[in-house]
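Subject: Structure for you to look at

Dear colleague,

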Amino acid sequence: MSSIPVGKGIPVDHVVDNTAEHPGERAPLVLNMHEFNDVTTTVCRVAESRRVPMAWYVAFVFSLGLLGFLGFCIAYLFATGVGVWGLNNPVMWAFDITNFVFWVGIGHAGTLISAILFLFRQKWRTGINRFAEAMTIFAVICAGIFPGIHVGRVWVIYWVFPIPNQMEMWPQFRSPLLWDVFAVSTYFTVSLLFWYTGMVPDLATLRDRARGKIRQIGYGLFALGWRGSNRHWHRYERAYLLLAALSTPLVLSVHSVVSFDFAVSQLPGWHTTIFPPYFVAGAIFSGFAMVVTLAVPARELFGLKDLITLRHLDNMNKIILVTGSMVGYAYSIEFFIAWYSGAMYEKFAFLNRAFGQYWWAYFIMVSCNVITPQLFWFKRIRTSIWGMFILSLIVNIGMWFERFVIIVSSLANDFLPTSWDVFIPTWVDIGTMIGSFGLFMTLFLLFCRYLPMIAMAEVKAVMPEADPHHDDHASDAKDEEGGANS
Amino acid sequence: MSRFLFPRWSNALLPTIIIVGAIMPLYAVMFVAWGFSPKTLEVGYQPAQPVPYSHALHAGELGIDCRYCHNTVERSSHAAVPPTQTCMNCHFSIRKSSPNLTKVWDSYETGMPIEWVRVNKIGDYAYFSHEAHVNRGVGCVSCHGRVDKMEKVYQAEPLSMGWCLDCHRDPVRNIRPIDKIADLGWNQQAEMTVDQQMALIRQYDIHPSENCSTCHR
């Protein structure tokens, strides 16, 4: 079966560069795979093999160490109080909320890829959606920590939820901070359901291939008794479509609501109507950068280069370029409005942002988010592994600084010059931030090791074998029998 | 291919899981909201006291005014627990040799106060002033119940924040003429019409605040 024709008869084996556009032909999204079973073996190998790449162990031990440090920093914070952070009177939000917005932002790519690209029938999403969604869930878990621990009296954190209580006290329903609780928890729930629903057929595959009772039962429980029957598939597809439709507005709403935390307040530099779209663009920007950061080493380590091809990475880099430019546009419009509004406080806030005490953070933000991503105009860089890896790291750094600039520079120099101050992070601030990466990486590495990293069933559907043309090739019956569950 | 599928009996579990999954969060919320409420946990608190002093006898049968012993209540945020000397005003000559008074005599002679156990207590984070309430027509009975019928004092009301707010939002039912403040048996509902109650609210100029900083200063 080595010569399944693609389009006008270019054999898949010979397509090395699938980033090229040939008019009238669809570029193949899966390379060097001749039958469905190849996909299954390639993906399952990661979860099944006893020999895991050394790099996984090194990374896992390192991440676990960071996670432990996160636990230590949080325990120290609880035992001592928020004074262990570098907060001061005007700057009462700093690293905590910066990290929160950063991680929620990261969590946007997954659902965008899985829901919006699904509804738009972007078939290239199949190679990356599974782990982009996993990344989303882990990022939202990381994000969820920060509002939880920054409240000072952490033992009454349940007050953020409207639960009947003897105090007859309810959260302030007019506050965006409460909307945020709902927005993020809804997003987390729906993303988790979406991720899990999509994974059921693949979990069944792992179950069926599993050797050993524990693995069989473990995967079997989560596969929910999936047998791959026609009715199963019918209901699965329906559920998936509905969840995609449900998630789509969430992609836009979550970061809009996060931006309301700032935009609804009166502080110059926060009180801006452009915030919701600007935050959403920034979130997708940073989310895709994180997907690239994770995809590049993962496909190398686990031998998934034929499934996450250069074309996938190229497409994501294009999205990074687009959203990066949107973010750059938002930065410049903020300045324009600061001038055009005629409000002196607004004008000061923005001049202060660029040239005030935090000029260096602003400089990092603009150079990382606006200037360097422009290199993605060049295809050579878009398709260079090292090029995109480094650029994606730069974007991650830049987007972290964007949140830092917005939050800290606006607070540190507000209306009243007498109350101005400088925020200087303490080791606990920095430790908690780095520790949250430990949590993220630990969860991600566990996911890579034990769950199907790529949506096998969906990838099979975009292979040419899933769409056999019997007029020019006569014997595809065998493949159909292989089925998505082989 | 041997694969793990759910055995047939597990179908019966599904509705159970769904019902439990749907009801448990609701149950947990209700359990915490009502089960852990001071209404459940604190009303009825009746600690043992060092001296078997009976409010039912002194305040009820003998009709001693609350303010005779708790004499700072109109002038201070705190309603004082009386010193031993107050007991001695009467007991110096009445029932001198009662065994129940042994500790009182000890205290009187040594000068060491009797260690009464506090019954009604609100958190340190909540500021409460007896003076502000008593001088505006909130009677003792509204918060402390019928102490004149208690052999041993117990907590009659939850003293929770929600309970405070109930009255701050609608004080009409707890306002009485100043001269009836310590009259525990005087029934405000029976003695006054709603119009009279409203008139009293206006007369005493009562605008209970609901700001956080009213109590949490």
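The secondary structure of chain B, in this predicted model, consists of 12 helices and zero strands, and reading from the N terminus the order of elements is accordingly α-α-α-α-α-α-α-α-α-α-α-α.

As for overall dimensions, chain B has a radius of gyration of 25 Å, whereas a compact globule of 217 residues would come near 17 Å. Along the principal axes, the C-alpha atoms of chain B occupy a box of roughly 100 × 50 × 35 Å. Of the 217 residues in chain B, 15% are buried, and among the contacts in chain B with a separation of 6 or more, 76% are between residues 24 or more positions apart.

Chain B is also divided into two parts, namely domain 1 (13-40) and domain 2 (46-81 + 116-215), and the centres of domain 1 of chain B and domain 2 of chain B, taken over C-alpha atoms, are separated by 36 Å.

Turning to the contact between the chains, 13 residues of chain A and 14 residues of chain B take part in it. On the side of chain A that touches chain B, α6 (176-209) and α7 (213-222) of chain A each supply at least two residues, and α7(A) gives the largest share, which is three residues. Sorted by class, that side of chain A has five nonpolar, five polar and three charged residues.

With best wishes

Technical notes
Residues are numbered from 1 along each chain as its sequence is written. Chains are lettered from A and ligands numbered from 1 in the order in which they are written. This is a predicted model: local features need pLDDT of at least 70, side-chain atom pairs count only at pLDDT 80 or more; totals for chains, interfaces and linings use all residues. Two residues are in contact if their C-beta atoms, placed from the backbone, lie within 7 Å. Helices (H or I, at least four residues) and strands (E, at least two) are DSSP runs, numbered from the N terminus. Ala, Val, Leu, Ile, Met, Phe, Trp, Tyr, Cys and Pro count as nonpolar, Asp, Glu, Lys and Arg as charged, and the others, Gly among them, as polar. Domain bounds come from an automatic or database domain assignment. The radius of gyration is taken over C-alpha atoms; the globule rule is 2.2 Å times the number of residues to the power 0.38. A residue is buried if 20 or more other C-beta atoms lie within 10 Å of its own, exposed if 12 or fewer, and partly exposed in between; C-beta atoms are placed from the backbone.
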